Amino acid sequence: MKPSTSRPRPSGLVCAYRKLPRGAGREEQSSILVALFGKLGYMRTLEVSAADARSAVVCGLGAWLPPRIVTNDELATRLDTSDEWIRTRTGIQTRHIVSPGMPTSYLAAEAGARAMESAGVKDVDALVLATTTPDRPCPASAPRVAHRLGLTGRPAFDVSAVCTGFLYALSVAAGLIVSGAAEHILVIGAEAFSTIIDPHDRTSGVLFGDGAGAVVLRAGDHQEPGAIGWVELGSDGSLDDIITVRAGGSEQRSAGAPQSPADSYFSMRGQEVFPHAVRRMAEAATTALAHARWRPDEVDRLVGHQANLRILHALSERMHIPRERLVVHLDRVGNTAAASIPLALAHAQSTGELFPGARVLLAAFGGGATWGATAVTWPDIKAL
Ligand code: COA
């Protein structure tokens with residue numbers, strides 16, 4: 001990480017140890033240290049009990065959508081589908097699609113620049129990019145995005161957890177800040193998902209869209225609005241076949257040629273995904289609520305992964321959170337995978353659904369399978 005002083009920087013663990021409150025009880029100290037050591041084994045954001053504990057705080061929010069909008073009716077001209085089927089089964093009406101020659105890094109840089117402007121910062125100590133659709137299989141796209149943003153030299157890396165990617169990236173970035181390794185981090189979720197969709201697949205073809213959203217995290221206090229608390233994350237690799245791109249990786253390359261051209265495209269067993277998505281998001285969100293010590297009726301906004309309106313409705317029912325408190329953005333953008341949560345946040349901020357002090361619950365499910373949730377009291381920021 002970029003050192004903020006000329007002195008050599010202590011390790012995250014030493015840094016955090018030095019931040020222990022004087023006179024902190026043994027229980028407080030061990031809570032912090034156990035969380036730090038636990039971080040090595042489990043990618044979980046620290047939950048600390050010390051009153052003045054360092055935390056990662058959301059201080060900027062940005063979003064960018066490619067200008068080209070594709071309606072359901074336009075899709076119906078080339079796929080065996082209809083506006084009526086797509087609306088009633090998914091709630092999606094339009095999606096944004098990249099123009100030729102517009103890779104994920106372009107979208108990511110646009111959203112990242114807006115988030116940095118929203119935060120009022122010209123520099124960050126690291127960039128974390130969540131994406132399913134990197135510009136190339138190798139290298140990661142984050143260094144390219146950092147270069148575009150004038151952040152050459154800063155650590156930059158990709159996180160791959162499909163539609164849960166943004167929450168995984170948020171957790172990793174928050175951990176770096178809490179450990180003392182960074183003061184500011186840019187976290188981006190960006191996808192050019194349309195580039196991996198089989199043009200003949202009417203099921204996936206109507207669901208996904210492209211876009212990017214980003215937040216800037218800064219070091220702060222865990223009691224401040226915007227502080228990232230516990231991020232509950234999980235995975236189940238036995239489900240890696242229900243959302244996948246079969247070809248292009250070492251599994252297929254070591255075995256030989258792809259079995260069919262469709263193997264190079266995204267495939268999803270949608271009916272199987274549905275119940276897993278509802279169950280895992282609800283479980284993770286329940287755990288996140290427990291850590292925040294909020295009751296479901298205290299949640300002002302539920303920002304679930306924007307995959308399907310029926311999934312969001314089922315989630316709100318399981319969580320006993322009224323539908324009116326759901327943030328719905330998928331009608332305009334479809335499923336934008338790792339970009340879905342930050343895009344929904346930026347949308348809700350622009351409509352006034354998010355307001356300073358609002359209790360916001362985030363939940364996502366994606367390929368892997370992966371899932372995650374966290375709770376955040378909304379800060380007084382402007383989305384750009
Ligand atoms: N237009 C018209 N018909 C379509 C269609 C389309 N775009 N896509 C599928 N169909 C057809 C199917 O072929 C099937 O026809 P059949 O009954 O003759 O076999 C019929 O519609 C019903 O298909 P089914 O898969 O049962 O529909 P569904 O109600 O389960 O909806 C999804 C399909 C994909 C919308 C739904 O399962 C879903 O949203 N799953 C979750 C996927 C998701 O959100 N994943 C992201 C999580 S990270």
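Which element gives the most to the shell around the ligand? I looked it up: α10 does, with five residues.

**Ground rules.** I am working with a predicted model, where local features need pLDDT of at least 70, side-chain atom pairs count only at pLDDT 80 or more, and totals for chains, interfaces and linings use all residues. Residues are numbered from 1 along each chain as its sequence is written. My helices (H or I, at least four residues) and strands (E, at least two) are DSSP runs, numbered from the N terminus.

**Ligand shell.** I found 20 residues around the ligand, the closest being Thr81, Cys163, Gly270, Ala307 and Asn308. I took a residue as near if its C-beta atom, placed from the backbone, lies within 6 Å of the molecule. Two or more residues each come from α4 (83-90), α8 (202-205), α10 and β12 (359-366). I sorted the shell by class and got ten nonpolar, eight polar and two charged residues. For the classes, Ala, Val, Leu, Ile, Met, Phe, Trp, Tyr, Cys and Pro count as nonpolar, Asp, Glu, Lys and Arg as charged, and the others, Gly among them, as polar.

**α10 against α11.** I then checked how α10 (residues 270-292) packs with α11 (residues 309-319): the angle is about 40° and the axes are 9 Å apart. Axes here are lines fitted to C-alpha atoms, for helices over the stretch in contact, and angles run from 0 to 180 degrees between N-to-C directions. That makes α10 oblique to α11 (under 35 degrees is roughly parallel, over 145 roughly antiparallel, 65 to 115 roughly perpendicular, the rest oblique). On the α10 side I noted Phe274, Ala277, Val278, Met281, Ala282 and Ala285, and on the α11 side Ile311, Ala314, Leu315, Arg318 and Met319. Contact means C-beta atoms, placed from the backbone, within 7 Å. I count ten nonpolar, no polar and one charged residue there.

**The sheet under α10.** I see α10 lying across β8, β11, β12 and β13 (370-377), at about 35° to β13. These strands form an open sheet of four in the order β8-β13-β12-β11, with mixed pairing; two strands pair if DSSP finds at least two bridges between them. β8 (231-235) and β11 (301-304) are the edges, each with a single partner strand, so one side of each has no neighbour in the sheet. I get an average twist of 10° from one strand to the next. β11 and β12 run parallel, joined by four bridges, and Leu302 has Leu361 of β12 as its bridge partner.

How values were computed: Contact = placed C-beta atoms within 7 Å.
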